[in-house]
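I opened a new page for this model.

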Amino acid sequence: MTDLQIKCFLEVAKHLNFTNAAKVLYISQSNISRQISSFEEEIGIPLFTRNTKGVRLTEQGQILAELLSDMSEEWEKTLAQARNSVKKYHGSLTIGCTPHARSNSYISRLLADFREQRPEIQIIKERNTQKKLIEGLVNDYYDAVLIADHDVRWLNGVSTLTLFYTRVGIVIHRNHPLYRKKEVTLADFADSNFLRYKPTEIPLESDYLYLLCQHYGFEPHITAQFEDFEEFLFAIESGAGVSLIYEETEVLTNLNLRFIPIEDELPPKYLPMQLTRKQKNHNKLLDEFYKYAKLKASNEKTSRLIIE
């Protein structure tokens with residue numbers, strides 16, 4: 001039994017609708033269905049009846065929903081008290097970032113520098129999937145998250161600070177016919193099968209993969225979509241298709257793959273990596289950290305301009 005299984009069960013029990021529950025939790029409907037099915041299998045009890053008229057709780061499901069709802073409320077209160085006690089006496093920040101190496105390295109260095117100035121503050125940093133980061137931000141678990149603008153631009157009630165930009169490029173397997181060709185553009189892949197990395201519920205028409213392909217005069221033939229980055233990367237390594245992905249250490253250091261950056265001056269060729277927070281988060285330490293992060297990002301930008 002996992003926290004996610006319980007959250008999915010309680011939301012579906014509350015709404016009696018998988019789609020509405022998925023919207024509240026910011027995860028896919030298929031993922032909620034998997035969580036509910038595995039929960040039912042694990043405890044050996046049918047929790048819902050499903051038919052053309054909709055979803056209903058079974059008798060056992062109704063009992064379990066009432067018990068878990070009470071327990072969940074008590075747990076949240078206890079957790080809130082524990083967090084508040086830490087904030088009251090020491091101050092704390094909880095920051096999340098994507099699992100990718102560059103984002104993790106950047107935020108770790110930034111937080112370490114900030115801690116040198118404010119050693120009395122408790123700083124918690126976690127790496128998580130994009131969906132989990134968004135869910136945690138919305139539910140006030142994270143004070144802020146470092147995530148691509150692409151993944152959060154649809155969120156309401158948030159403010160963002162761009163820390164750095166990452167290039168977008170084509171990634172292909174070493175056995176691809178164009179692997180060793182020197183001059184390659186995205187237009188050369190118009191007839192290829194594309195794999196889409198889709199960690200959040202962003203519409204295809206807003207996806208940088210789709211937008212860039214349109215700039216080159218074609219629509220990508222997408223044969224598979226992946227929420228998990230490792231599965232996505234393995235599919236490319238297996239020669240299942242090509243893709244567009246932002247520049248990551250996991251791709252650049254992979255000897256089975258070639259990363260070809262987009263060279264033309266197009267709007268989606270760089271993705272802003274942003275420190276994202278809820279506007280209603282009134283943690284004063286977060287305001288202080290944002291000012292510090294903005295200053296560091298500005299100094300780094302100035303340094304790059306001088307070097308160039």
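Entry 1: I am working from a predicted model. I began with helix α6, residues 130–138. How many of its 9 residues are buried? I found 7, so helix α6 is largely enclosed by the rest of the structure. I then listed them by name: Q130, K131, L133, I134, E135, G136 and L137. I also checked what comes after the helix. α6 is followed by D140, and the phi of D140 is positive, near 65°.

**Entry 2: E135 and K7.** I turned to the salt bridges. The structure holds 14 of them. Which residue does E135 pair with, at 3.6 Å between the closest N and O atoms? I found K7.

I looked up the accessibility of both partners. Is E135 buried or exposed? I read 5% relative accessibility for E135, so I logged this residue as buried, the cut-off being under 20%. K7 has a relative accessible area of 37%, so I logged K7 as partly exposed.

**Entry 3: E135 and K132.** I found E135 in another pair. K132 forms a salt bridge with E135, with 3.8 Å between the closest N and O atoms. I checked their spacing along the helix. K132 and E135 are 3 residues apart in helix α6, so about one helical turn separates them. K132 has a relative accessible area of 29%, which means I count K132 as partly exposed.

**Entry 4: K198 and E201.** I moved on to another pair. How far apart are the closest N and O atoms of K198 and E201? I read 3.4 Å for this salt bridge. E201 comes out at 42% relative accessibility, so I noted E201 as partly exposed.

Entry 5: K131 brought me back to helix α6, where K131 is among the buried residues.

How values were computed: Residues numbered from 1 in each chain as written. Predicted model: local features only at pLDDT ≥ 70, side-chain atom pairs only at ≥ 80, totals over all residues. Heavy atoms only, no water. Buried < 20%, exposed > 50% of the residue type's maximum accessible area, 1.4 Å probe, protein only. Helix = DSSP H or I, 4+ residues; strand = E, 2+ residues; numbered from the N terminus. Salt bridge = Lys/Arg side-chain N within 4 Å of Asp/Glu carboxyl O.
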